[in-house]
Amino acid sequence: MREDVEALDITDVAANWVNAQVLARQIDDRIKALADLSDTPLFFGRLDYQHAPGAEQAEGADGERFYIGRRHVHDAAGDPMVIDWRAPVSQPFYRASKKDPMDIALRRRFGYTGGELTAYEDEHLSDPAEAAQTSRLLQQEIERPRVGPMRDIVATIQPEQDEIVRSGLSGTVCVQGGPGTGKTAVGLHRVAYLLYAHRERLARTGTLVIGPNKSFLHYIEQVLPALGELTVQQATVDDLVAVVDVRGVDDADAAVVKGDARMAEVLRRALYSHVTMPTEPVVVVRGSRRWRVAAYEIEELVRQLLERGIRYGAAREALPQRIAHAVLVQMERAGEAPDDRVQDAVARNTAVKAAVKAIWPAVDPAKLVLRLLFDAEFLAEHAAGVLTDEEQKTILWAKPARSVKSAKWSAADAVLIDEASDLILRTHSLGHVVLDEAQDLSPMQYRAVGRRCTTGSATVLGDLAQGTTPWATRSWAEALAHLGKSDAVVEELTAGFRVPTDVIAYASRLLPHIAPGLTPVASVRENPGFFEVREIDGADGDTGVVAACGELLRHEGSIGLIAADARVPALAEALTAAGLTYLAPGEETTPDTRLTLVPASLAKGLEYDYVVLDEPQAVVDGEPDERTGLRRLYVALTRAVSGLIVTHAAPLPDQLG
C-alpha cells in the first residue's frame, strides 16, 4: 500500500502550484501513516460471523471471516485483508460474549512476541457446549513487561472501555478511573475512533490532547501514530496559555485564589471599567456639510453594546459602525442617498475614531492583569464583594513590575491573562479535546480548556483520589461546570489491569482519607505481583534503597525509583556512586538502562514494571497540606505493574495502618 502511494505521479494533476503543494503534503502524510512497525503486527484477531454482516440471517446462509488489526489493509486489487479495529464490523471482537455472541461463531486472538506470531486462542461463542473462559493471551498481554513509551491497547480493550471509546462525537464524556484502569489509553483510543468516524469534520476543526506535563506527553506520544493517526496535537495547559514568560512561582494560598473561578468576574469588571460614557457630541465633516451625533445618542449605542454581552473587542469594532449608521440616518433625512461605502468612510473618520478611542479604548490583557496584581486600589474596586480583603492581599505583588516583559509571571497569572484575552477576543474552538489528569486543574484552568472546545466536545480523564494540587477538584460535576460541559456523561472504570492485587489493596488504605466514597479499584490480574514493605537502617545512608533497585534490576522490564522531590539529589548521588545508570522521567528506557529516578511530583501517569518507593512520609511532608501529601503518596504507590518495594527509615504514615 505504501509503495502504491509512493508511485503516484501528480505532475499533471494539480491545477496550480498551491494545489500541488497541498497534494504533495497529503501524500507525504499518507506515506508516514503507512509506516511498517517491525514489532507491531498488522492483525491481532479474527472474527468468523455466522452470517454475512448486513445480510438476512436466513437458515443455511453463508458466514463471513474478517481479520481485525490496527488499521485497514487491502491487497493489490483493493479487496480488504485486514479490517480496522474501529470499523463497525470489528465491534464484536470487543463486545461479544457467551451471553450475547453478536452472531459470532468464532473469535480468535493471536499472540505475538517481538512481532512474531507465536500463539492463537479460539472462543466458540455460539457453541453452547463450550463454557466461557478467561483469555490467557489477554492476561499475558496485560501483564507483559513495560519497556519504552506507552503502547496502544487495541488488542486488549475491554467491553466497558469499548463503550467509552465508541461514544459519539457530539457529547462530552468524563471518565473517573483509578490507577491502572486504562483511562488514558481509553481517551487516546477514543480520539483515534473519532478521527476514523468523523475524519473530515475533525480535519477542519482539529483535535488536541492535553496532559499534565512534558514527561507525560513524551510517554504517550507514540500511541496515536501507531494507530495511523498523525494529526493530533499535544500540549500542557501551560502551553495553551503561554503568551508571557513564566518565571515566578506562587505560594499555595495565592495560587488557590488566582485559580478560583471568581477571578473571571474580577477580570470582567476590571476590563469593562475602561468603557466611559461620552460627554461631547461627535461632529463629522463631509465636504461642506457637518453631521452632529449628540452625546446622549452615542451613550444609548454604548449601552446597547454593553447589554448585548458580546466580547469587548468585538463591541469596540462595532461602535464606529453604529455611530456611522447614525450619521447615515441623518443624511437620508436630508435627502442624500449614502451607501455602505459612505458608512465605512464615516466609521474611519478622524472624529469618530477619536471618540471611540476615548469611550471604548483598546486594552492589553497582560497589562490589565498586571495592574490588578500591583495596584491595590484598582483590585479593591473591582474585587469588592467577590474576593475578601485577605484574599486580595494574598494575590497582590509585594513589588510592582515596571512592564509586562519584566514581570515575574506565574503559571496562574498566565491563565488569568488567557481569560482576559478571551473577554476581548473569542478563543478559537477545536472539534475535540482530550484532557488527562483533569483532577489537578484549577477552576480557571478548566475555563481555559473549555474555551478551546466551546463548539466541540471533550473527553475528560482523571481520578479524584489522585488530585495532588491544593486546588484539586472536589467533584466532577463542579469541574465539568467550569469546563462549560455540565451535560457530560460521567463513566467510572473500576477494573484494574495494571496494578497488582496486593499493591492496590495496600494503596487503597488511603482512600477513606483522600477520597471518601470513591470505589476502590479491583485488580483483575491473575498474577498477584511482588510487594514488600522494607524498613532500612537510616545510619547506612541510602544503601538500602540502592540495594532494592539492584535487586529489581535482576528482573525483566523497567524500574522506577520514586522519591520525594527533596530526596532526589541525594539518591542520584547514591546511584552514581553504586555504578547504577539511570534516566529522568520521559526519557526512553533501553536494554542497558532500565532504571528511572522519578521525583514524586512527576510520577503521575507514568508506569514501571517494578517500583522502589523511598520514604513515604517524606512524600507526604513534601506537600503543603496532609491531604495533598497523602494523595501524592497514593499516586506513587500505584505506579508498579509487577512489583513494589517500599523502603523507609522514618515511620510510615498512620493512614497506611
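**Note on the predicted model**

1. Phenylalanine 110 is buried, at a relative accessible area of 12%; buried means under 20% relative accessible area, exposed over 50%, and partly exposed in between (1.4 Å probe, protein chains only). This is a predicted model, in which local features need pLDDT of at least 70 and side-chain atom pairs count only at pLDDT 80 or more, while totals for chains, interfaces and linings use all residues. Residues are numbered from 1 along each chain as its sequence is written, and side-chain values use heavy atoms, with hydrogens and water left out.

2. The structure holds 12 aromatic pairs. Rings of Phe, Tyr and Trp (its six-membered ring) pair if their centres lie within 6.5 Å; planes under 30 degrees apart count as stacked, over 60 as edge-to-face and the rest as tilted. Tyrosine 67 and phenylalanine 110 are stacked, because their ring centres are 6.2 Å apart and their planes are at 20°. Tyrosine 67 lies in strand S2 (residues 64–69) and phenylalanine 110 in strand S5 (residues 104–113), so the pair ties together parts 43 residues apart in sequence. Tyrosine 67 is partly exposed, at 28% relative accessible area. Phe43, Tyr67, Phe110 and Tyr112 form one aromatic cluster.

3. Strands (E, at least two residues) and helices (H or I, at least four) are DSSP runs, numbered from the N terminus. Strand S1 (residues 45–49) runs antiparallel to S2, joined by 5 bridges. Aspartate 48 stands opposite arginine 65 in S2.

4. For arginine 109 the ring is that of phenylalanine 93, with the charged end 5.2 Å from its centre. For arginine 371 the ring is that of phenylalanine 378, at 3.8 Å. The criterion is NZ of Lys or CZ of Arg within 6 Å of the ring centre and within 35 degrees of the ring normal.

5. Which residues are in contact with glutamine 176, leaving aside its neighbours within four places in sequence? They are Gly462, Asp463, Leu464, Trp476, Glu491, Glu492, Leu493 and Leu518 (contact means heavy atoms within 4.5 Å). Glutamine 176 is in strand S7 (residues 173–177) and is buried, at 5% relative accessibility.

6. Helix H21 (residues 443–451) is largely enclosed by the rest of the structure, because 8 of its 9 residues are buried. Among them are Pro443, Tyr446 and Arg451.

Technical notes: Pairing = 2+ DSSP bridges.
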